[in-house]
Every structure is written in structure tokens, then in C-alpha cells.
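Let's take a friendly walk through a protein model. Have a look at the sequence and the structure first.

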Amino acid sequence: MTSAPTSTAVRPDPTAPATAPTAPAVPPAMLLRELVFGAACAGAVRAAASLGLPDALQDEPAAAEELAGRLGVEPGPLRRLLRALACYEVFAEEPDGRYRHTPLSRLLRSDEPGSLRDIALWCTEPWTWQSWSRLDDAVRTGRSVFGDAFGKEFFQYLHDDAPESAALFNRAMTQSSRQSAQDLADFLDLAGVASVADIGGGQGQVVAELLERHPELHGTLLDLPKVVEHADPRLLPGGSLADRARLVPGDCRTAVPVQADLYLVKNILEWDDDSTRRTLRNLRQVARPGARVVIVENLVDDSPSMRFTTAMDLLLLLNVGGAKHTLGSLTSLIAESGLRLDAVAPVNPYLHAFSCTVP
């Protein structure tokens with residue numbers, strides 16, 4: 001037996017179909033330079049959203065000079081902003097120098113279904129830059145650094161010193177909840193379910209979406225008094241769904257005074273393990289045997305959106321000292337609560353549902 005040659009020269013087949021050239025790998029030093037300038041990309045997205053650039057572009061390609069006239073800004077800097085964003089496929093440059101929309105830039109339009117404009121602005125608010133600069137302190141101490149930076153805890157700061165940012169937060173969370181509500185409504189199997197309760201459900205977009213789709217269903221929204229006061233208009237007295245909706249002001253960490261066939265617990269078990277234990281214990285105590293509990297969370301493992309979820313996890317650490325769960329950490333807390341975990345499945349690329357039953 002002869003040994004195989006260590007290398008073989010292969011001549012290209014002139015009859016083979018042409019293939020697109022492979023993009024050259026980015027050298028590590030260049031990739032790291034791009035990463036440490038990541039703030040420039042986030043800042044450019046914020047500038048575009050804040051200026052209203054995606055709305056100004058409308059549906060036809062336009063030159064920077066034309067867009068500058070629509071926005072009342074200088075054309076030179078605007079061209080530089082567009083050029084930088086096009087590197088990340090937020091807008092694209094035509095051969096004649098005009099710019100057109102891409103799927104990413106369209107998501108920054110205010111009139112786009114599924115728009116992420118408010119979320120993009122919220123995640124790049126002025127206070128975020130100062131918070132990110134203290135990440136090493138948060139890692140060193142394991143606690144929130146927001147109070148050290150601003151003299152107040154996160155939500156108190158928004159309420160007292162940054163009302164515009166607080167309003168943006170509410171819009172962004174409402175926008176996010178509205179989009180995930182549709183995905184969750186598609187995911188849930190409501191066979192045999194006559195009543196559903198959303199525990200810590202914010203303004204009630206999930207409950208409203210479910211009631212819209214299922215005319216025989218009754219729903220309850222439990223959240224803090226100030227949150228419930230500003231619930232989805234469809235759920236409020238006089239709203240289109242009010243006759244099948246119940247609004248309960250309260251703190252699920254203290255009590256869950258609600259009976260239902262199905263309980264939803266979405267994105268509220270991320271503050272600390274003690275709060276999670278109290279919430280699940282309170283729910284376990286009140287729920288009837290056989291009731292279903294669906295816990296929905298972002299995971300920092302087993303997810304196709306790891307860059308997104310791990311970033312949110314670090315922002316939670318900075319702002320409130322919280323953390324996103326791993327599959328193992330949430331499974332362990334569910335078992336500790338006495339709930340029976342039946343299945344774990346993705347709702348969308350960034351949310352997982354833990355389907356449980358009350359023994």
C-alpha cells in the first residue's frame with residue numbers, strides 16, 4: 001500500500017458553472033478594531049432613527065443631498081452617516097450614489113409593521129453609554145452600578161430625572177410586547193382552556209391578543225397598580241374586550257390572587273432568584289391541580305440569538321442587578337417550585353416557553 005499524497009493540485013473544470021467568490025476572512029486584528037468601534041454603529045443607528053432618516057427616504061432611492069434637504073441637515077455629514085450605516089446593511093448605496101432601503105433600515109421607519117425604531121432609541125439612550133462604561137465594575141462586584149453612576153436606582157431615575165426616557169421605555173416595551181404577543185398567541189394551544197391569566201403582564205398585549213383570537217376566552221391581567229391603570233385600551237372599562245377581561249392590581253412577588261386554567265409568566269423572572277422563587281411559590285399555592293403554567297423567557301444558551309440575549313443579560317446586570325436565565329437555571333427553579341415541567345420549546349428566535357402543570 002502506498003501512502004496518499006500530502007497535497008494534490010486540482011485544475012479548475014472549464015465546463016463547471018461559475019461560483020461566487022468566497023469573501024475573504026477578516027483578519028483578527030481588523031475584527032477586533034471593528035468590535036471596539038461598536039459604539040459607532042449603535043450611535044449611527046440612533047442618529048438615523050432620531051433624525052427621521054428612514055422615514056425621509058420613503059420608498060424610492062434618493063441622494064444624500066436630497067435627503068439632507070428633506071431633513072434640514074448638512075449633506076456632507078449625512079452622506080458620511082449613510083456610508084457608515086451601509087457597511088452594516090442599514091441602507092444600501094446604488095451605483096449612481098443614491099441610497100435605498102434595506103430590510104434593516106425599513107425596521108427603523110415609524111410606519112413599518114414591526115418597527116423597531118423606539119427600541120433602537122431606547123437601547124441607545126444617553127444614560128446607556130455611561131452604564132456600559134462601568135461594566136467592569138459590575139463584573140467585579142456582581143451588582144448593579146446604576147445607582148453609583150446616577151445617584152438613584154434605575155426606575156427611580158427614569159421617573160424623577162428622565163421622563164422622556166421613561167416614556168420612550170414604555171413605548172419600546174409596548175412595541176416589543178405587541179410583537180411577541182402575536183408569536184405567543186400563535187404558539188399556545190388553548191384546547192380546554194376557558195380562562196387565562198397573565199402574571200406581571202405589563203399593559204396586557206398578550207391577554208388582548210388571545211381574547212381577540214378566542215371569543216369564548218376570559219382573561220386576567222395582574223401587574224402593579226400604575227401599570228394596570230394604563231392597560232391596553234381594549235381591556236379597560238368601555239374597551240372592546242372589557243366584558244371578558246379582569247384587571248387585578250398587585251405584586252406577584254407578594255401574592256397571586258387569581259384563578260385560571262392557564263397562567264402566563266413572561267419575562268419577569270429575571271430580577272433575582274429570590275423574586276423568582278416567591279413568584280412561583282405564590283402561583284403554585286393558588287393554582288388548581290391540573291392548571292397549566294407557561295413561563296416565557298429569553299435564554300442565554302440554546303438560542304439562535306445569543307448575541308442579542310447575552311447583551312440583554314449584561315444590560316440587566318448594569319441597570320438592576322438582574323440576569324437572564326440558562327436552560328438549566330430556570331429548569332432548576334421550576335423544579336424547586338413544585339411545578340411539573342412538561343416541555344421546553346422556542347416561541348420565536350429569542351423566546352423559549354417552559355410548559356408546566358400544577359400537580
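Strands β3 (residues 195-199) and β6 (residues 262-266) run parallel and are joined by 4 bridges. Strands here are DSSP runs of E with at least two residues, helices are runs of H or I with at least four, and both are numbered from the N terminus; two strands pair if DSSP finds at least two bridges between them. Within this pair, Ile199 has Val265 of β6 as its bridge partner.

This is a predicted model, where local features need pLDDT of at least 70, side-chain atom pairs count only at pLDDT 80 or more, and totals for chains, interfaces and linings use all residues. Residues are numbered from 1 along each chain as its sequence is written, and side-chain values use heavy atoms, leaving out hydrogens and water.

The two strands belong to an open, mixed sheet of 7 strands, ordered β5-β4-β3-β6-β7-β9-β8. At its edges sit β5 (245-249) and β8 (340-348), each pairing on one side only.

Now for the cysteines. A disulfide is a pair of cysteine sulfur atoms within 2.5 Å, and the count here is 0. The table gives the distances for two cysteines.

| Cysteine | Closest cysteine sulfur | Distance |
|---|---|---|
| Cys356 | Cys252 | 15 Å |

Buried means under 20% relative accessible area, exposed over 50%, and partly exposed in between (1.4 Å probe, protein chains only). Cys87 is exposed at 64%, whereas Cys356 is buried at 2%.
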